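Here's a quick tour of the charged side-chain pairs in this protein. Have a look at the sequence and the fold before reading on.

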Amino acid sequence: METPEDSKLDIHSEDFLRSLMRKQLRLSIACAAMFLMALLGLPLLNYFFPELMATRVFGFTLTWFILGVLFFPFVWLISWVFIKRSIALERAEVEEVSRGGTKEAKDSI
C-alpha cells in the first residue's frame, strides 16, 4: 500500500504539478514583462528622445528600424528563452522527484 510520503514523490501528484506551475508562472510573468517593456518602451523613447529616434539607420528612422526589423527577433528571442527555460524547469522537477522527492516530501519524513 502506498504511504502519503510515497504519493508526494509521483510526478503526477498535486504537489509536483503545483510547484511546476508556480515556477512556470514566474517565468511567464518575466517573459511578459520583457515583452511589455519592448512594446511600451518604443513610444516612450519616441516621446522622450525624438531627435534620437528620428536618426536614419539603413534608410529608415530608428523608430521604424526598431519596430520593423528588431522587434520580431526580440519577440522570437523571448519565445525561445521561455521554451528553453520551461523545458529546463520540467526536467529539473522530474530529476528532483526521481532523486528522492520534493522539498515538502523530504520535510515530512
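**Salt bridges at a glance**

E93 and K23 join their side chains in a salt bridge, at 2.4 Å from N to O (that term means a side-chain nitrogen of Lys or Arg within 4 Å of a carboxyl oxygen of Asp or Glu). With E93 in helix α4 (residues 62-99) and K23 in helix α2, this pair ties together parts that are 70 residues apart in sequence. The structure holds 3 salt bridges.

A word on the basis: this is a predicted model, where local features need pLDDT of at least 70, side-chain atom pairs count only at pLDDT 80 or more, and totals for chains, interfaces and linings use all residues. Residues are numbered from 1 along each chain as its sequence is written, and side-chain values use heavy atoms, leaving out hydrogens and water.

**The pair between helices**
- E93 is buried, at 2% relative accessibility (buried is under 20% relative accessible area, exposed is over 50%, and partly exposed is in between, using a 1.4 Å probe and protein chains only).

**The group in helix α2**
- Salt bridges link E14, D15 and R18 in a network.
- R18 meets E14 at 3.6 Å, N to O, and D15 at 3.7 Å, N to O.
- R18 and E14 sit 4 residues apart in helix α2 (residues 14-48), so about one helical turn separates them (helices are DSSP runs of H or I, at least four residues, numbered from the N terminus).
- R18 and D15 are 3 residues apart in that helix, again about one helical turn.

**Exposure in the network**
- E14 is exposed, at 55% relative accessibility.
- R18 is partly exposed, at 44%, and D15 is partly exposed, at 24%.

How values were computed:
Helices (H or I, at least four residues) and strands (E, at least two) are DSSP runs, numbered from the N terminus.
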